[in-house]
Amino acid sequence: MDHLVCTMDQLTNGKALLVDINEITIGVFFENGHVYAIRNQCPHKLAPICKGVVGGTMLPSDPCDFKFGMEGEVLKCPWHGWEFDLKTGESLFGISKRKVKTYPVEVIENDVYIKM
């Protein structure tokens, strides 16, 4: 089922718009031209993950070769700093096999819909 949750002009880069659907709180993000929907619950200790920072992360690289990447694609939990991919909900770099639940999003004209 599709749920109309907001319009595009209600979204701000770097900040989640929190919406409730069927008693589930979901953060809607607009980053790098893409809209993402992610459940507002970290799988580690159930923190309100959508209050975390969106940014990038250090990428795997050779010793003494520091590479930063994934800018605007990483959500960092505000409690313990675990990092998750906004697209897939997967935790980064093998810290855990736990995922944050993500939802498909569709933008029709200016309206944002979450599929559940």
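Begin by selecting the open sheet, in which four strands are arranged in the order β2-β3-β4-β8 with antiparallel pairing. Its edge strands are β2 (17-21) and β8 (102-103), each of which pairs on one side only. Two strands are said to pair if DSSP finds at least two bridges between them. In general, the strands of a sheet pair through backbone hydrogen bonds, in either a parallel or an antiparallel manner.

Before continuing, note that the model is predicted: local features need pLDDT of at least 70 and side-chain atom pairs count only at pLDDT 80 or more, while totals for chains, interfaces and linings use all residues. Residues are numbered from 1 along each chain as its sequence is written, and side-chain values use heavy atoms, with hydrogens and water left out.

Next, select β2 together with β3 (residues 24-31); five bridges join these strands in the antiparallel sense. Which residue of β3 is the bridge partner of Asp 20? Displaying both side chains shows the pair: the partner is Thr 25.

Now move to the loop between β5 (53-59) and β6 (67-76) and select Phe 66, which lies there. Is Phe 66 buried or exposed? Its relative accessibility is 68%, so Phe 66 counts as exposed; buried means under 20% relative accessible area, exposed over 50%, and partly exposed in between (1.4 Å probe, protein chains only). Contact here means heavy atoms within 4.5 Å. Then draw a distance from Phe 66 to Val 105, which is 39 residues away along the chain; their C-alpha atoms are separated by 34 Å.

Finally, select the whole chain. Its secondary structure consists of 10 strands and zero helices, where DSSP runs define helices (H or I, at least four residues) and strands (E, at least two), numbered from the N terminus. The C-alpha atoms fill a box of roughly 45 × 30 × 20 Å along the principal axes. Of the 116 residues, 41% count as buried. Among contacts between residues at least 6 apart in sequence, 42% join residues at least 24 apart. The chain exposes about 6900 Å², of which carbon and sulfur atoms supply 50%; these areas come from the Shrake-Rupley method with a 1.4 Å probe, and for residues only the protein chains shown count as cover.
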